[in-house]
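Welcome! Open your viewer, get your selection tool ready, and follow along stop by stop.

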Amino acid sequence: MADNSALPMQPGDRPAGHHARQASVARLTMLAIGVVFGDIGTSPLYAFRETFAGHHPLAVDRIHVFGVVSLIFWAMMLIVTLKYVTILTRADNKGEGGSLALLALISRKGGSNMRWSAGIMMLGVFACALFYGDSMITPAISVLSAVEGLTVVEEGLAPLVVPIAISILIALFLIQRKGTAKVGALFGPVVGIYFLTLAVLGIASIAGDPTILFALNPWYALNFFIIDQWLAFLALGSVVLAVTGSEALYADMGHFGRRPIRIAWIWFVLPALMLNYMGQGALLIADPGAISSPFYLLAPEWFRLPLVFIATAATIIASQAVISGAFSVTQQAIQLGFIPRLSILHTSASAHGQIYIPAINWALMVMVILLVLFFQNSSNLAAAYGVAVTGAMLIDACLLTVVIFSVWKWRPILAVPLLAVFFVVDIAFFAANLTKVPDGGWFPLAVGLVIFTLLTTWARGRQLMRDRMREAAIPVGVFIKSAATSAARVPGTAVFMTTSAEGVPHSLLHNLKHNRVLHERVLLLTVQIEDVPYVEEERRCALTDLGNGFFRLILRFGFMQDTDIPKALDTVQCGAAFKMMETSFFLSRQTLLPSARPGMPLWREKLFSWMLRNAESAMEFFRLPPNRVVELGSQVEI
């Protein structure tokens, strides 16, 4: 390739890097369309239908159709465009988004008075717990609603809908281990074709009744509430289905960046979705009987079967994005100390973030299949959908309030009116969805409560365990003075891993007690996970020479990074280089003894003990060579 860097720039020329950046943004925008917008993009399959024919039916007439279209449009503008795409994407934690990243941002920048205060932490953790409920419902309702299109083509296929949906979902979870790097490049084009199909079908229907365009006027949403207050409020419980997946825009920001997501939403996804919703509205005004399946009945009869295949492909990709999101959130939660260590496998050597967590994959598969078998169709599942999403949206509004006042320091005259709008909208949607609790909304709440209990029990148990071990710790200076003169020294390096950067590790005390020897070089190693997604290499290591062959090493990682200890040790300079065949890693495995000491109720202590026993071993989690690891047990009361 010719080097044109020395050529003078002509008037009107742009730097060469400009075109590369433009190409990169275009590529990321296409990828974002395939991954980020799959969930919200599949909402037209069921959202409009459920608003009219769900658990709180509406009369299919011009007034109600205009009111619902107007509500959907302004929900998209206020929740998705303004709240998430415009404002929340600015609240990134070194590029990463999502509830846990937002929580870490508040912890890092909110000041000492805000640091992980109990209320804020509980909100963020509960939002994370609700996400898992959403991760179970989204694949079930998306795939079911797409496959149900077969009944529009041929009513006799109805008994096959559930078996086909379950087969697709099982296949989807089975391929997770192989990763999606090879087929990931197709996600954008496939979902792009799907969105173009939505737009074309919508435009064809709008052409038959262009007056539907007037429904974008907010007066029709307000008029809906004026003439039918209670039914309009209940309708919000189904209207919110049109914006489910908006939190994914924020959570996936780290993979694609703020600008590609904004471009994709404003110039492609939003227009396609609204054209389709208005097209469904125009169809229902002309033919109220089409409410049974307005999405598929938009298409001419010859195109309905191809539309089933296009929609099914889009829902599979949307489900894949949610499953990958569950893996990513789990990795963050493990690193931030809310979930026990789990086996994390990398499915691609080059693609960042391509991970597979077997325990999460199989748990999600079982729950998704049970949901399909229990609810049987997408209409029943729609009752369960929404509660988790609106709950997470309301929590995001609370966390955004903290960011605006404590991190960004906005003036109240600007912040208060904006936040008031967000809270009114979010509370209204959440309250409307609470009416669906008896019909299925209990499921995501129950899942959220169970997972919230697990997350908080693990975090609290680890803190209590560290406190108890710190109480019995011996000052490292005193230990070195006594041990260095009394214990025999043997060749090699011993690495003693410890959660505390102070005192002497229990594994070192037990090793000296039972073996009565010390290695020539003793490294006290602490791994710290910081409240940022990535830690620069120059900040990775902090080494302190304690004298007499003892060193204390602190390795820092971000919550999105792999904690590969042998790889990190290659960069550490403390005497001779580390040779794995001459290095022994000593780990301490605690056995918990439930006690009556204040801290946690006895049942939570037993739950924490069970989680500790089933956590992945530190050897596997930190990528330690199995033949160089020694585990020493101890008992701890919490």
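## Stop 1: two packed helices

Helix 4 and helix 19 lie oblique to each other, in what is a predicted model. To see this, select residues 62-87 for helix 4 and residues 387-407 for helix 19. Their axes are 13 Å apart and meet at an angle of about 45 degrees. Helix 4 makes a left-handed crossing with helix 19.

Now show side chains. From helix 4, pick Ile-79, Lys-83, Tyr-84 and Ile-87; they meet Met-393, Asp-396, Ala-397 and Leu-400 of helix 19. The residues of this contact comprise 6 nonpolar and 2 charged ones, with no polar ones.

## Stop 2: Glu-50

Next, select Glu-50, which sits in helix 3 (residues 47-53). Is Glu-50 buried or exposed? Glu-50 has a relative accessible area of 4%, so it is buried. Display its side chain together with that of Ser-379: a polar contact of 3.1 Å joins the two. Leaving out residues up to four places away in sequence, Glu-50 touches Ser-238, Leu-241, Ser-379 and Ala-382.

## Stop 3: Gly-337

Finally, go to the loop between helix 16 (304-335) and strand 1 (345-346), where you will find Gly-337. Gly-337 is buried too, with a relative accessible area of 9%. Which residues does Gly-337 contact, apart from neighbours within four places in sequence? Select Trp-458, Ala-459 and Arg-462 to see them. Trp-458 is 121 residues away from Gly-337 along the chain, yet their C-alpha atoms are separated by 7.7 Å.

How values were computed
Residues are numbered from 1 along each chain as its sequence is written. This is a predicted model: local features need pLDDT of at least 70, side-chain atom pairs count only at pLDDT 80 or more; totals for chains, interfaces and linings use all residues. Side-chain values use heavy atoms; hydrogens and water are left out. Helices (H or I, at least four residues) and strands (E, at least two) are DSSP runs, numbered from the N terminus. Buried means under 20% relative accessible area, exposed over 50%, partly exposed in between (1.4 Å probe, protein chains only). Contact means heavy atoms within 4.5 Å. Axes are lines fitted to C-alpha atoms, for helices over the stretch in contact, and angles run from 0 to 180 degrees between N-to-C directions. Angles under 35 degrees count as roughly parallel, over 145 as roughly antiparallel, 65 to 115 as roughly perpendicular and the rest as oblique. A crossing is left-handed if the near helix is turned anticlockwise from the far one by less than a right angle, and right-handed if clockwise. Ala, Val, Leu, Ile, Met, Phe, Trp, Tyr, Cys and Pro count as nonpolar, Asp, Glu, Lys and Arg as charged, and the others, Gly among them, as polar. A polar contact is a pair of N or O atoms within 3.5 Å; within protein, one must be able to donate a hydrogen and the other to accept it, and residues adjacent in sequence count only if both atoms are side-chain atoms.
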